[in-house]
Number of protein chains: 2
Amino acid sequence: MADTDQRSLADITIFSDLDADTLSDIEARCRWRNYAPQEQIIDFQDESKDVFFVTRGTVRVVNYSISGREVTFDDIQAGQIFGELAALDGERRSANIVAITPTTVASMSPAAFQDMLLAKPDIALRLMRRLARIIRISVERIMDLSTLGANNRVYAEILRLAKKSDQEGDRAIISPVPIHGEIASRVSTTRETVARVMSDLARKGLVKRKGNILEISDLTILQDMVEEFRGD
Amino acid sequence: MADTDQRSLADITIFSDLDADTLSDIEARCRWRNYAPQEQIIDFQDESKDVFFVTRGTVRVVNYSISGREVTFDDIQAGQIFGELAALDGERRSANIVAITPTTVASMSPAAFQDMLLAKPDIALRLMRRLARIIRISVERIMDLSTLGANNRVYAEILRLAKKSDQEGDRAIISPVPIHGEIASRVSTTRETVARVMSDLARKGLVKRKGNILEISDLTILQDMVEEFRGD
C-alpha cells in the first residue's frame with residue numbers, strides 16, 4: 001500500500017510534550033503490527049491484557065449479542081489508544097476491536113504500561129481525562145437509550161455527525177455519506193429503521209444526498225426533533 | 001442523629017496504604033459537610049468542579065430526561081468517590097448526586113485533586129482502575145439496553161442484586177426487598193413493568209417475599225431466562 005508504516009509514538013495524544021529520549025524509551029517497549037481492513041485486533045475472549053497505540057488508520061470498538069446483533073461503541077483514530085481497561089485492571093476484554101482501514105498499532109504489556117504511568121504522572125492524568133470522556137459519552141448513550149425512541153436516536157446520531165463535520169450556520173455537510181448499518185449499530189436499532197427515518201428526513205427537505213456527501217439543511221429543526229420526543 | 005461524623009479519609013479506597021502524614025495532608029485540603037437523605041449534593045447544572053469523598057452513608061448518581069424520567073446510574077457507598085469527572089477534565093457535571101442516607105462527604109478543589117494525582121501516582125493508578133470499572137459497567141448496560149427487552153433487563157437486575165447478596169448454591173437472599181421504582185430507574189423501564197415481572201416470577205416460584213427479604217430460589221433458571229431472550 002502507498003502509506004508507509006508509522007513506527008513512531010510522537011503523535012499519540014497521551015504522549016504529547018514528551019522529550020525525545022522518553023519517547024524512544026517507550027517505543028523500545030512496544031511491538032508493532034499492521035492490520036488490514038476487517039482484521040480483528042482484539043477478540044472479546046482474548047487472554048491478552050496488552051494496551052495498543054494507533055499510529056495509522058482507524059479501528060472500531062464493537063460488541064455482539066448472543067444472537068449476533070452488532071453494537072458499535074466507538075471508532076478510534078490514529079493518535080488514540082485502546083485496550084487500556086484490561087491493561088489497567090487485569091480483567092477480561094470489554095469489547096472486540098476490528099481494523100476498518102489499513103492500520104498500524106504498537107502494543108505494550110500491562111506491566112510496562114503501569115510502570116510508565118507510575119513514572120510519568122502527567123501521562124496518567126491525560127489518560128484519566130480520556131477515560132472521563134469515555135464515561136461521559138457512555139452516560140449520554142445510556143440516557144438516549146433510556147429515554148428516546150429509535151427514530152429520535154437516529155436524529156441525535158445525525159446531529160452528532162453534523163457537529164463533527166463542516167458547518168456553516170444551520171447547514172452542515174457530512175462526508176462520506178454515513179452507512180445505514182453503521183448508524184443502526186451505533187444507536188442500537190435496525191438498518192430498516194435508519195433507512196425509513198432517512199427517507200422521512202429527505203421528504204421533509206432536512207437532508208439531501210449529493211454523490212458521496214449528505215447535506216443537512218437545518219440543524220436547529222433537527223435538534224428540536226430530537227428534544228421534542230425525549231422522555232417518552 | 002446517632003451516627004457521629006466520620007471526618008477521616010483513612011477508609012477511602014483510593015487512599016489505602018497511605019502513611020498517616022500524607023493522609024492528614026490530604027485531609028487538610030478538604031472541606032467537610034453532612035447531608036440528610038434526599039438532599040442534593042451535586043446538581044447537573046452546577047458550576048463547581050470539586051471532587052467528593054464519601055466517608056459515611058450512600059449517595060445516588062441519577063439523571064433526568066427533559067420530561068422528568070429518572071435514570072439511576074449507581075449507588076456510591078462510604079469509601080468511594082464522586083465528582084471526579086469534572087475535577088479531572090473541567091467539563092460540566094455529568095449527573096446529579098443525591099444523598100440517600102445520612103451522609104458525610106469531604107470535598108477538594110480540582111487543582112488540589114490534580115496536584116495530588118501528579119504527586120502520588122499510586123493513587124492515580126487506583127483511580128484509573130475505578131474509572132475502568134465504571135466504563136465496564138456502562139458497556140454492560142449499553143449492551144443490555146441495546147439487545148434485551150424490558151422484562152429481561154429486570155431479570156438481569158435481580159440477578160445482579162442476588163450476586164451481591166448472600167448466596168447458598170443456587171439460592172440467594174436479597175435484603176432489604178428492592179423497591180420496584182428503584183429497579184425501574186436502574187434498568188430504564190416503568191415501575192408497572194417491574195411489578196408485572198415480579199408477580200410473574202413469584203407465580204413461577206422463582207422469587208418469594210418474606211417480610212423485608214426477597215428469596216431467589218434458582219439463580220441458574222433466572223440466568224437462563226436473561227440469556228434466552230438476549231438479542232431480540
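The conversation below goes through the chain contact, the salt bridges, the aromatic rings and some backbone details.

Q: Before anything else, what kind of model is this?
A: It is a predicted model.

Q: How is chain B related to chain A?
A: Chain B is superposed on chain A by a rotation of 180° with 0.0 Å of shift along its axis, and the RMSD is 0.0 Å. The two copies are therefore related as by a two-fold rotation axis.

Q: How many residues does each chain bring to the contact?
A: Chain A contributes 44 residues and chain B contributes 44 residues. Of the interface residues of chain B, 100% are also interface residues in chain A, so the copies meet through the same surface.

Q: What area do chain B and chain A bury between them?
A: About 4000 Å² is buried between chain B and chain A, and 73% of it is on carbon and sulfur atoms.

Q: And how many salt bridges are there between chain B and chain A?
A: The count is 2 salt bridges. A:Asp89 forms a salt bridge with B:Arg136, with the closest N and O atoms 2.8 Å apart.

Q: Why can such side chains pair at all?
A: Side chains of opposite charge can pair when their charged atoms come close.

Q: How many salt bridges are found over all chains?
A: A search of the whole structure gives 28 salt bridges over all chains. One of the salt bridges joins the side chains of A:Arg60 and A:Glu182, at 3.3 Å from N to O. A:Arg60 belongs to strand 4 (residues 58–64) of chain A and A:Glu182 to helix 6 (residues 180–187) of chain A, so this pair ties together parts that are 122 residues apart in sequence.

Q: Is A:Arg60 buried or exposed?
A: A:Arg60 is buried, its relative accessible area being 11%.

Q: What does A:Arg160 meet in a salt bridge?
A: The side chain of A:Arg160 meets that of A:Asp144, at 3.3 Å from N to O. A:Arg160 lies in helix 5 (residues 150–163) of chain A and A:Asp144 in helix 4 (residues 121–147) of chain A, so the pair ties together parts that are 16 residues apart in sequence. A:Asp144 counts as buried at 5% relative accessibility, while A:Arg160 counts as partly exposed at 30%.

Q: Which residues are linked with these in a network of salt bridges?
A: The network links A:Arg60, A:Asp75, A:Glu140, A:Asp144, A:Glu157, A:Arg160, A:Glu182 and A:Arg186.

Q: Turning to chain B, which residue forms a salt bridge with B:Arg60?
A: B:Asp75 does, and the closest N and O atoms are 2.7 Å apart. The pair links distant parts of the chain, as B:Arg60 is in strand 4 (residues 58–64) of chain B and B:Asp75 is in strand 5 (residues 70–77) of chain B, 15 residues apart. B:Arg60 counts as buried at 12% relative accessibility, whereas B:Asp75 is partly exposed with a relative accessible area of 24%.

Q: New topic: how many aromatic pairs are there over all chains?
A: There are 4 aromatic pairs over all chains. Among them is the stacked pair of B:Phe52 and B:Phe82, with 4.9 Å centre to centre and 5° between the planes. B:Phe52 is in strand 3 (residues 51–56) of chain B and B:Phe82 is in strand 6 (residues 81–82) of chain B, 30 residues apart. Both B:Phe52 and B:Phe82 are buried.

Q: What lies over the face of A:Phe73?
A: A:Arg141 does, at 5.3 Å from the ring centre. In chain B, the charged end of B:Arg141 sits over the ring of B:Phe73, 5.3 Å from its centre.

Q: Now the backbone: what kind of peptide bond joins A:Ser175 and A:Pro176?
A: A cis peptide bond, with omega of about -5°. A:Pro176 is in the loop between strand 10 (171–174) and helix 6 of chain A. B:Ser175 and B:Pro176 are also joined by a cis peptide bond, with omega of about -5°.

Q: Which phi does B:Gln38 have, and where is this residue found?
A: B:Gln38 has a positive phi of about 80° although it is not a glycine. B:Gln38 is in the loop between strand 1 (31–35) and strand 2 (40–42) of chain B, and counts as exposed at 63% relative accessibility.

Q: What about the phi of B:Ser188?
A: B:Ser188, not a glycine either, has a positive phi of about 60°. B:Ser188 is in the loop between helix 6 and helix 7 (191–203) of chain B, and is buried, with a relative accessible area of 7%.

Notes: Residues numbered from 1 in each chain as written. Chains lettered and ligands numbered in written order. Predicted model: local features only at pLDDT ≥ 70, side-chain atom pairs only at ≥ 80, totals over all residues. Heavy atoms only, no water. Phe/Tyr/Trp six-rings, centres within 6.5 Å; stacked < 30°, edge-to-face > 60°. Helix = DSSP H or I, 4+ residues; strand = E, 2+ residues; numbered from the N terminus. Buried < 20%, exposed > 50% of the residue type's maximum accessible area, 1.4 Å probe, protein only. Lys NZ or Arg CZ within 6 Å of the ring centre and 35° of its normal. Least-squares fit on C-alpha atoms with pLDDT ≥ 70 in both. Contact = heavy atoms within 4.5 Å. Buried area = accessible area lost by both parts, 1.4 Å probe. Salt bridge = Lys/Arg side-chain N within 4 Å of Asp/Glu carboxyl O.
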